Amino acid sequence: ATRRARATRKSLLHVPYGDGEGEKVDIYFPDEAAEALPFFLFFHGGYWQSGSKDESAFMVDPLTAQGVAVVIVAYDIAPKGTLDQMVDQVTRSVAFVQTRYPSNEGIYLCGHSAGAHLAAMMLLANWTKHGVMPNLKGFFLVSGVFDLEPVIYTSQNVALQLTLEDAQRNSPQLKVAQAQPVDPTCRVLVVVGQFDSPEFHRQSWEFYQALCQGKWKASFEQLHDVDHFEIVENLTQKDNVLTQIILKTIFQ
């Protein structure tokens, strides 16, 4: 699907958003050129140590067909990148899109698994440090990890090398209830698959509850009959439930 999107869609590939070798985005456009488009940014999963933007443009066709620009973000996965670096890179990628396309009709962030964690960290970002206030209108957090402490005690931490302090600093679960939404109309949708593992269910539900304790406009969806991978792989289909939820949120 990514190869097809690259071959058939109007795109700008490997656009640098920073100086680092891994700091690039791929931008896919709808056929109708317009200055003011909604932008959908996607952060891939892979436990912060696998995956890449070069295989993550699978939702491009159904979204660009409806007039949404799609940005697939690369970041330095472990062991090359630390978690702090990844969060910083993703923050800069969002600031870059806002700066480059200031007349956008809303920026929507979507992440899957580890990518949902990185997207969720943008709820806490200090935008003044980046000199730009992105026009954030929605978050789609798909089968995410929001409390990093349990990861420390798994084999996934061999590459990540997280300390308890690192995990707490980068756990949106611990901070989002106290954070102030910059835009109270910004929607945050927490999504989990029916056949996701119990830990993904627990983390998604608890993160949703933390959002509700804060003043976030949050909702929670469990999608039927999908596992941890099908939930995003099905975004290749225009009539998929999650594809439709995304489009409805953008164009409501």
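This is a predicted model: local features need pLDDT of at least 70, side-chain atom pairs count only at pLDDT 80 or more; totals for chains, interfaces and linings use all residues.
Let me start with Q203 and the residues around it: if we leave aside its neighbours within four places in sequence, Q203 is in contact with G144, V145, F146, D147, P150 and Q173. Q203 sits in helix α8, which covers residues 198-213, and its relative accessibility is 5%, which is why it counts as buried, the cut-off being under 20%. A polar atom of the Q203 side chain lies 2.7 Å from the backbone nitrogen of F146.

One of the contacts of Q203 is D147, and I would like to look at that residue from its own side. D147 is placed in the loop between β6 and α5, the latter being residues 149-152. Is D147 buried or exposed? With a relative accessible area of 18%, D147 is buried, because the limit for that word is under 20%. Not counting residues up to four places away in sequence, D147 touches S171, Q173, R202 and Q203, and its side chain also reaches the backbone nitrogen of E149, at 3.3 Å. The C-alpha atoms of D147 and L174 are separated by 7.4 Å, although these two residues are 27 residues apart along the chain.

Let me now step back to the sheet. It is an open sheet of eight strands, in the order β1-β2-β4-β3-β5-β6-β7-β8, and its pairing is mixed. The edge strands, each pairing on one side only, are β1, residues 10-16, and β8, residues 217-223. Direction ignored, neighbouring strands of this sheet are turned by 15 degrees against each other on average. As for the helices, α3, residues 83-100, packs on the sheet and touches β1, β2, β3, β4, β5 and β6, with its direction making about 165 degrees with that of β3. Helix α8, where we found Q203, lies across β6, β7 and β8 and runs at about 165 degrees to β7.

Within the sheet, I would draw your attention to β3, residues 39-43, where five of the five residues are buried. Both faces of this strand are covered, with F39, L41 and F43 on one side and F40 and F42 on the other.

What, then, can be said of β5 itself? Six of its six residues are buried, so this strand is largely enclosed by the rest of the structure. I107, L109 and G111 point one way from β5, while Y108, C110 and H112 point the other way. Moving along the sheet, β5 pairs with β6 in the parallel sense over six bridges, and H112 stands opposite V142 in β6. Strand β6, residues 136-142, also pairs in the parallel sense with β7, residues 187-193, over five bridges, and in β7 the bridge partner of L141 is V190.

As general background, nonpolar side chains tend to be buried together in soluble globular proteins. Leaving aside its neighbours within four places in sequence, L141 is in contact with residues including G111, A116, F146, V190 and F207.

At the start of α10, a side-chain oxygen of N240 reaches to within 3.0 Å of the backbone nitrogen of L242. The latter point comes from the record: in an unreviewed entry, UniProt lists residues 41-228 under "domain: Alpha/beta hydrolase fold-3". In the model, that span is 32% helix and 19% strand, and its end C-alpha atoms lie 20 Å apart.

Note on methods:
Residues are numbered from 1 along each chain as its sequence is written. Side-chain values use heavy atoms; hydrogens and water are left out. Helices (H or I, at least four residues) and strands (E, at least two) are DSSP runs, numbered from the N terminus. Buried means under 20% relative accessible area, exposed over 50%, partly exposed in between (1.4 Å probe, protein chains only). A polar contact is a pair of N or O atoms within 3.5 Å; within protein, one must be able to donate a hydrogen and the other to accept it, and residues adjacent in sequence count only if both atoms are side-chain atoms. Contact means heavy atoms within 4.5 Å. UniProt positions are given in the numbering used here, feature names are shortened, and annotations may be inferred rather than shown by experiment. Two strands pair if DSSP finds at least two bridges between them. Axes are lines fitted to C-alpha atoms, for helices over the stretch in contact, and angles run from 0 to 180 degrees between N-to-C directions.
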